[in-house]
Amino acid sequence: MSEDIRIFLTDRRGVRHQLLAPTDMQMNLMEVCKAHELPVEGTCGGMALCASCQCYVNSKHLLSEPSDDEEAMLAEAFHVKENSRLSCQILMTPELEGLEVTLAPND
Amino acid sequence: MIKTDILIIGAGPTGLFAVFEAGLLKLKCHLIDSLPMAGGQCAEIYPKKPIYDIPSHPEIMAGDLIKNLEQQIAPFQPGYTLGESAVSIEKTEDEQFIVTTDQGTQHQAPVVAIAGGLGTFEPRKPPLENLKKFENQGVNYIVKDPEFFRDKKVVIAGGGDSALDWTIFLENVAESVTLVHRRNEFRGALDSVEKVQVLKNEKRIKLITHAEVTALKGSEKLEQLTVTQQGTTIDLKCDHFIPLFGLTPKLGPIAKWGLKIEKNAIVVDNSLDYQTNIPGIYAIGDVNTYPGKLKLILCGFHEATLMCQSAFKRIYPDKRNVLKYTTVSGINGFDGSQKQAAKSTIKSIE
Ligand SMILES: Cc1cc2nc3c(=O)[nH]c(=O)nc-3n(C[C@H](O)[C@H](O)[C@H](O)COP(=O)(O)OP(=O)(O)OC[C@H]3O[C@@H](n4cnc5c(N)ncnc54)[C@H](O)[C@@H]3O)c2cc1C
């Protein structure tokens, strides 16, 4: 078993959480949030179809480029900023140790 | 007043399958759904995507799953109230429930099964300051009657199929149509994208990309809106603004029916029959919660089956009932149709 990584997440009320995320379970950040019972809907189950899991990436980690689907969804989401990503598209890998994110407002 | 045995709120896969299981017990069902079609999430969110965990279907499109369910339940002639949301429920003295929709349609049944999934799908609203003020005063989230927009100045925002489709359609009706989108790439049927390209080339519509609507203005009604395009602002005269950013589910009015709610879902007794804290009201499928709950289609099917058995006992407390295999009993539709396993041929060998 590989080691868990730490994700630092600020929720919509401004509270900072440290989440432990496994990197060998094919989990994405939206799922990690749900597993920690954070208020992330993830309505579409992780298909970049709903934007309910939008977050802002605050640290300088190198993330994979957003797919066309994610780009298209972000173009229809609200409160989008330069550093917006859909957390369901961020796969937990060892390189993401220490990732800092903030949940975007839910509409 | 529409009368039935089991009134099902929500025509997603769970509600649809409940009709079948009820039919086997000779119970009639009526379905209410706020969407204009049956199918719930499968129809609204991912009709063209495959599902791989429906038992005995190695792969099936969500839309096909719904089509098959509709076919399977057709012999039991379910009634439908579509495009209306169930908003209130009351209990009569003789243990009947009356459920009323937002359009005032009343339904009566001794048993109510809530199969409301994640809730009613509501339009996603852009975060604009006086959006609420102009709702139905120029801001419309759906196009019910295109004639309403005849000879009007219309601005549509969004980049999906509905934004494209309504741009194409309203171009024929409205005085002018402007489509605003944050990118110049659209995710919609290729055919629609190409049609909009033609309309733009022929200057029959105005397309503003890399832009979004940032302000609405008007005294009583919407009169003007501001589009911000890469830092610069454009003011447009406008009678109607139609933001089309898809739908999002909200549990909605059901949350206020006195049912025990946890984590945005209805608490049920899963060890028995998926009944809620109000006897006679059941909750099945994605809308319920209990220890170990999984929001999966196959779980909804199972819950619907047990619910129907319990509903039967509630409606006919004195009737005895035993489980029958469909292979043995066949299907006796309320429409008179019959399906039966072929009798085995028995022939002697001389
Ligand atoms: C992208 C995606 C992929 C999925 N993939 C799978 C998969 O591979 N396998 C799997 O098992 N599951 C999958 N699911 C989950 C599956 O779709 C749901 O479990 C299933 O749709 C639940 O069915 P349901 O009938 O309980 O609720 P829903 O499908 O949500 O239907 C509920 C219906 O109730 C209606 N409604 C709610 N409240 C009211 C009201 N007050 N008045 C009138 N109508 C109302 C809604 O309009 C809706 O149509 C997926 C979901 C999504 C979004």
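The model is predicted.

**Helix α6 of chain B**

Helix α6(B) takes in residues 190-201, twelve residues in all. At 1.5 Å a residue, α6(B) should span 16 Å. The C-alpha atoms at its ends lie 17 Å apart, which agrees with that expectation.

Which residues of α6(B) are buried? They are B:S192, B:V196 and B:L199.

What do the buried residues of α6(B) pack against? Their partners are two elements of chain B, α5 (161-171) and β13 (176-180). After α6(B) comes B:K203, with a positive phi near 60°.

**Interface of chain A and chain B**

In the interface, 19 residues of chain A are in contact with 19 residues of chain B. The two chains bury about 1,600 Å² between them. Carbon and sulfur atoms account for 54% of that area.

The rule finds one salt bridge across the interface. It joins the side chains of B:R183 and A:E71, at 3.9 Å from N to O. For this pair, the cut-off is 4 Å. Polar contact links three residue pairs across the interface, with both residues at pLDDT 80 or more.

| Interface item | Value |
|---|---|
| Buried area, chain A and chain B | about 1,600 Å² |
| Share on carbon and sulfur atoms | 54% |

Note on methods
Residues numbered from 1 in each chain as written. Chains lettered and ligands numbered in written order. Predicted model: local features only at pLDDT ≥ 70, side-chain atom pairs only at ≥ 80, totals over all residues. Heavy atoms only, no water. Helix = DSSP H or I, 4+ residues; strand = E, 2+ residues; numbered from the N terminus. Expected span 1.5 Å × (residues − 1). Buried < 20%, exposed > 50% of the residue type's maximum accessible area, 1.4 Å probe, protein only. Contact = heavy atoms within 4.5 Å. Buried area = accessible area lost by both parts, 1.4 Å probe. Polar contact = N/O pair within 3.5 Å; in protein donor to acceptor, adjacent residues only side chain to side chain.
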